[in-house]
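Okay, thanks for coming, everyone.

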Amino acid sequence: MSSEKSIRIGYVPEHYLLPLHLAKSQFSDPVELIPFPSGTGHMITSLRSDEIDLAIGLTEGWVAGLMTTQGQKERGYNIVGSWVENPLRWAIVTGRNRDGINTVDDLKQHRRVGVSRLGSGSHVMAFVLAEQQGWLRQSKESKFEGLTIVPLGPFKDLRDGVTASTADFFMWEHFTTKPYFHGDNTPLKNIGEIYTPWPSWHIAASSKTFPEPATDPKLLKLFDCFDRGIRDFNADPEKGVKMLGTGELGCHYSEEDAREWLKSVKFFERTRGVDAGTMQGVIKILQVAGVIEPSTEVKDETGLVAIARDA
């Protein structure tokens, strides 16, 4: 057995990571896949603390993690690759027992939003929703009077939080959440949805493990394996449907949901590199939503585009 240190890849155990599992047999270097059910915010922390070397997570989480004032000080990672081209569909949900909350409009009076972790996709999208709905108001005492953020942890804790009234609502990927709101005896109810206005998943790399990501040979080989995993997925989507149905990937989806998801999902065929225009667009929306300070300057060293897609 090789004594070479494994490359530790963090991922959220959801259907969007199916090509990663298909790529596993392609890796020539030792690789360890580490699930993060609590999402992108947890992976950011783990990249900074040298617990993982690479991670596939939500675009808005990666950008916010680098562009907040604290994030620019801590850095710890660079955005190096692209994973999913289509937007992410977020379900807006509350507890089925919450009789006073039945529509997004009802959230005007119920603004305690559960998030997995500060800086996570669920945290960032809460502000995007609030900006769309016109809830955010600036004041001297509090920059955002319109939302109360309640960090709760992984998906199960979010579900329990809205049924126990610790929070009023939360947002999570639609198909992952659907089994908990589809049907009369489920604990949640769906009151709306929102789409990210950007490609939904990107790849981040530890700046300690990959200090020169554009030329690192191990990282370049990983991108090639990712590309092959995506080609395998596109060549035989039925195999993916079966894998999602067995739960062997750490997540389970019905055949109906898997097929509906297949209609809209589009993976980048070439994962290496990041589009600068996409990153600028994300920043502008996050600034409007108040996630990033409007005065924040984007510099080359911020790590948003460590590898350009045309490089």
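Predicted model: local features only at pLDDT ≥ 70, side-chain atom pairs only at ≥ 80, totals over all residues.

So, how many bridges join S4 to strand S10, residues 201-206? Six, and the two strands run antiparallel.

Residues are numbered from 1 along each chain as its sequence is written, and side-chain values use heavy atoms, leaving out hydrogens and water.

Helices here are DSSP runs of H or I, at least four residues, and strands are runs of E, at least two, numbered from the N terminus. Two strands pair if DSSP finds at least two bridges between them.

Now the sheet: it's open, five strands, order S2-S1-S3-S10-S4, mixed pairing. S2 (31-35) and S4 (77-84) sit at the edges with a single partner strand each, so one side of each has no neighbour in the sheet.

On to the helices. H3, residues 59-67, lies across S3 (54-58), S4 and S10, at about 110° to S3. Angles run from 0 to 180 degrees between N-to-C directions, with axes fitted to C-alpha atoms, for helices over the stretch in contact; contact means heavy atoms within 4.5 Å.

The axes of H2 (residues 40-48) and H3 come within 9 Å and cross at roughly 45°. In that contact, Thr40, Met43, Ile44, Leu47 and Arg48 of H2 meet Gly61, Trp62 and Gly65 of H3.
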